[in-house]
Amino acid sequence: MVRFLNLTLSGVTSGMVFATVALALVLIWRATRIVNFAQGAMLMVTTFLAWTVVQHGGSYWVALAVALAAGLVLGAVVERIVIRPVENKPPLNAVIVTLGLFVLLEAGAGMIWGNQPHSYPPAFTIKGFTVGGTRLLLSPFDLFVIGAVAMVMVVLTVLFRRTDVGLKLRSAAFAPEVSRLLGVRVGRMLTLGWALASLVGALAGVLIAPSVFVGPSQFDSILVFGFTAAVIGGLDSPIGAVVGGLLLGCALSYVSGYLSSDIVTLGAFAVLIAVLMVRPNGLFAVTTGRRV
Amino acid sequence: MLEIKDLVVTYGAVRALDRVSIEMPAGSITAVLGANGAGKSTLLRTVSGLVRSRAGQITVDGRDVGRLPAEEITRLGVAHVPENSGVILELTVAENLRLGGLWRRDKAALQQQIAAMYELFPLLAERRGRVAATLSGGERQMLALGRALVGRPRLLLVDEPSLGLAPRVVAQLMGVLRRQRDEHGLTVVLVEQNARSALSIADRAIVLNLGAVAADLDQTEAVDERLRHAYLGF
């Protein structure tokens with residue numbers, strides 16, 4: 001029982017990070033119908049920047065702020081320069097462009113920071129709490145991860161649901177042409193959407209860095225798991241991304257705990273296939289009839 | 001108010017509009033009639049900036065809008081209710097309405113305008129929290145029209161509002177347009193296949209045929225028999 005509880009706790013923690021990456025992918029998918037394969041590389045770059053701050057004696061919090069700000073800027077720049085020309089073009093163009101960006105960023109990071117993985121400090125101790133003599137797989141840092149991700153989700157929900165900017169972001173994503181007729185500057189909204197997604201990704205990078213280390217290709221698996229979580233949730237649904245992330249996190253934790261840690265990736269695929277067989281559009285896909 | 005001069009729009013080799021010239025005075029309702037493919041929707045889409053013209057000039061209140069992007073034309077007070085209403089199905093009635101006036105900075109006036117629309121269309125008030133996908137065709141048209149009016153436009157372009165609607169609803173929509181013209185001096189360009197309902201409120205009718213103005217009728221009562229038969233089908 002304790003083992004099950006521990007595996008669940010560690011599953012929830014990693015699931016929250018998967019959920020964050022999934023959320024970054026979902027935000028971009030909703031706004032531009034593009035799967036951002038460069039998301040992993042983008043959050044790698046922002047995490048490297050944070051790492052550089054830490055190396056130069058900056059505090060954890062300054063480094064985190066730098067990563068988030070860099071994420072915001074990087075997302076906006078990428079949308080304006082790289083993505084804008086392929087928006088409303090055949091989907092394959094965007095796939096190739098984001099894959100190209102992924103290769104470019106990883107190669108560039110290797111040239112600047114080297115290909116060796118570096119350790120990254122956690123904000124708080126990663127020593128688990130002890131309850132009644134039993135050591136739990138839940139540390140103060142894990143609590144921080146869960147809290148930070150939950151907070152971002154609340155902030156995003158409020159932004160999208162309760163503010164005028166959020167309304168414009170959603171309308172630009174759902175109906176770009178009609179939005180323009182309503183005076184919404186759709187181009188700006190897309191830039192903002194990418195910036196927000198990249199900010200969310202940057203947070204995920206810093207949170208996962210202590211366990212995967214910082215290196216040009218250290219975050220590749222995070223992108224795969226985040227993408228899996230997003231697809232499980234339906235790719236179109238922010239709530240789905242979160243639920244998908246948590247489901248995947250727990251499933252992978254059970255696989256590695258009860259079976260073997262060697263087959264964790266296999267477990268991810270098993271979960272993905274199982275979900276897609278039952279709900280081909282993902283768990284939270286809404287199918288609305290649209291007149292065309 | 002709206003001046004269109006020698007407007008040419010092409011889709012590839014096809015001339016959708018061929019040297020169309022129309023002048024619409026402020027506070028008038030102009031019906032644009034014609035068969036499928038006559039260029040009616042293209043005319044509206046070009047005025048609102050969704051389609052780029054190849055040649056010609058479009059001025060709104062003396063200002064050339066031919067090269068402005070759609071969102072900036074909207075900000076000049078030009079509202080366009082597209083075909084099939086264009087309500088955003090995923091958003092609620094209230095959110096759709098609010099979007100119509102967000103480009104105006106005056107938030108207090110926006111609240112007032114929204115309240116006025118709920119008064120004009122009480123059905124929308126009842127359904128304000130529902131997503132637009134749950135609305136009927138008539139309710140969607142009301143929402144689309146209300147949303148356009150929330151921005152307090154000076155020029156309103158409406159594309160086939162009566163399509164697939166019950167006669168009673170069509171009459172209600174036409175009544176709203178007429179009252180907006182009478183009370184607020186709104187200039188309306190009304191594209192319709194349903195010539196009868198459009199002519200019931202129009203000050204003037206323009207018949208498009210294969211992208212060119214086939215007839216420009218100042219007095220809609222005087223629609224010539226043959227013309228009616230040839231172009232309007234009744």
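Mentor: Let us begin with A:Leu181, which counts as buried because it has 28 C-beta neighbours inside 10 Å. A residue is buried if 20 or more other C-beta atoms lie within 10 Å of its own, exposed if 12 or fewer, and partly exposed in between, with C-beta atoms placed from the backbone. This is a predicted model, in which local features need pLDDT of at least 70 and side-chain atom pairs count only at pLDDT 80 or more, while totals for chains, interfaces and linings use all residues. Residues are numbered from 1 along each chain as its sequence is written, and chains are lettered from A and ligands numbered from 1 in the order in which they are written.

Trainee: Where is A:Leu181 placed, and what is A:Leu181 in contact with beyond four places in sequence?

Mentor: A:Leu181 belongs to helix H7 of chain A; helices (H or I, at least four residues) and strands (E, at least two) are DSSP runs, numbered from the N terminus. Its contacts, leaving aside neighbours within four places in sequence, are B:Ser48, B:Ala70, B:Thr74, B:His80, B:Pro82 and B:Gly86. Two residues are in contact if their C-beta atoms, placed from the backbone, lie within 7 Å.

Trainee: How many residues of chain A are in contact with chain B, and which elements give two or more residues to that side of chain A?

Mentor: On chain A 19 residues are in contact with 22 residues of chain B. The elements giving two or more residues to that side of chain A are helix H6 (164-174) and helix H7 (176-181) of chain A. H6(A) gives the most, with 6 residues.

Trainee: What makes H5(A) roughly antiparallel to H8(A)?

Mentor: The axes of helix H5 (residues 140-162) of chain A and H8(A) come within 11 Å and cross at roughly 180 degrees. Angles under 35 degrees count as roughly parallel, over 145 as roughly antiparallel, 65 to 115 as roughly perpendicular and the rest as oblique. H5(A) is therefore roughly antiparallel to H8(A). Their contact is made by A:Val145, A:Ala148 and A:Val152 of H5(A) with A:Val200, A:Leu203 and A:Leu207 of H8(A).

Trainee: Why is B:Leu210 called partly exposed, and why does B:Ser85 count as buried?

Mentor: B:Leu210 is partly exposed because it has 14 other C-beta atoms within 10 Å. B:Ser85 counts as buried because it has 27 C-beta neighbours inside 10 Å. B:Leu210 lies in the loop between strand E9 (204-209) and strand E10 (212-217) of chain B, and B:Ser85 in the loop between strand E6 (78-81) and helix H3 (93-101) of chain B.

Trainee: What is the phi of B:Ser85, and what is that of B:Leu210?

Mentor: B:Ser85 has a positive phi of about 75 degrees although it is not a glycine. B:Leu210, also not a glycine, has a positive phi of about 50 degrees. Most residues other than glycine have a negative phi.

Trainee: Which element of chain B has the lowest mean pLDDT?

Mentor: Helix H9 (residues 225-232) of chain B has the lowest mean pLDDT (62), and E6(B) the highest (95); pLDDT is the predictor's confidence in each residue, from 0 to 100. In chain A, pLDDT stays under 50 over residues 288-292. Where pLDDT is low, the predicted coordinates should not be read in detail.

Conventions
Axes fitted to C-alpha atoms, helices over the stretch in contact; angles between N-to-C directions.
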